[in-house]
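Please look over the sequence and the model shown here before reading the notes.

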Amino acid sequence: MRIAEFRQHPLAYVLLLILIASLLTVTILFWQSKVVLRIAFLCFSLGYFIWGVITHQRSSTVTLGIMAEYAGVAVLGGLLLLMLTF
């Protein structure tokens with residue numbers, strides 16, 4: 001991430017940090033509950049995808065390729081996180 005991107009969209013990155021902090025908080029508080037962790041990981045993956053699409057849409061740079069990239073990262077990241085609960 002470049003500093004210029006952060007300065008252009010500070011609210012978007014603050015929201016992403018809140019999303020990450022929420023996931024970490026839920027993981028720490030409910031580390032013994034596999035069901036809660038799986039739901040949190042799925043919500044985080046979906047939230048990351050939505051965050052990416054909305055951020056690019058607001059800057060008028062959203063394309064099918066960008067959406068596919070965010071979907072791919074969200075799915076792979078979600079699967080890796082879900083693997084921690086098995």
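This is a predicted model: local features need pLDDT of at least 70, side-chain atom pairs count only at pLDDT 80 or more; totals for chains, interfaces and linings use all residues.

Residues are numbered from 1 along each chain as its sequence is written, and side-chain values use heavy atoms, with hydrogens and water left out.

**Overall**
- The protein has 4 helices and 0 strands, where helices (H or I, at least four residues) and strands (E, at least two) are DSSP runs numbered from the N terminus.
- From the N terminus on, the order of elements is α-α-α-α.
- The C-alpha trace spans about 40 × 25 × 15 Å along its principal axes.
- Of the 86 residues, 23% count as buried (under 20% relative accessible area; exposed is over 50%, partly exposed in between, with a 1.4 Å probe and protein chains only).
- Among contacts (heavy atoms within 4.5 Å) between residues at least 6 apart in sequence, 52% join residues at least 24 apart.

**Helix 3**
- Helix 3 has 25 residues and reaches 36 Å from its first C-alpha to its last, close to the 36 Å expected at 1.5 Å a residue; the expected span is 1.5 Å times one less than the number of residues.
- Its buried residues are Leu37, Ala40, Phe41, Phe44, Ser45, Trp51, Gly52, Val53, Thr55 and His56.
- Helix 2 and helix 4 are among what covers these buried residues.
- Serine 60, which follows helix 3, has a positive phi, near 60 degrees.

**Helix 3 against helix 4**
- The axes of helix 3 (residues 34-58) and helix 4 (residues 64-83) come within 9 Å and cross at roughly 165 degrees; axes are lines fitted to C-alpha atoms over the stretch in contact, and angles run from 0 to 180 degrees between N-to-C directions.
- Helix 3 is therefore roughly antiparallel to helix 4 (an angle over 145 degrees).
- Residues of helix 3 in the contact include Phe41, Phe44, Trp51 and His56, and those of helix 4 include Tyr70, Gly77, Gly78 and Leu82.
- The contact residues divide into 15 nonpolar, 5 polar and 1 charged (Ala, Val, Leu, Ile, Met, Phe, Trp, Tyr, Cys and Pro count as nonpolar, Asp, Glu, Lys and Arg as charged, and the others, Gly among them, as polar).

**Tryptophan 31**
- Tryptophan 31 is found in the loop between helix 2 (10-29) and helix 3.
- Tryptophan 31 is exposed, with a relative accessible area of 57%.
- Not counting residues up to four places away in sequence, tryptophan 31 touches Val26 and Leu37.

Methods:
Angles under 35 degrees count as roughly parallel, over 145 as roughly antiparallel, 65 to 115 as roughly perpendicular and the rest as oblique.
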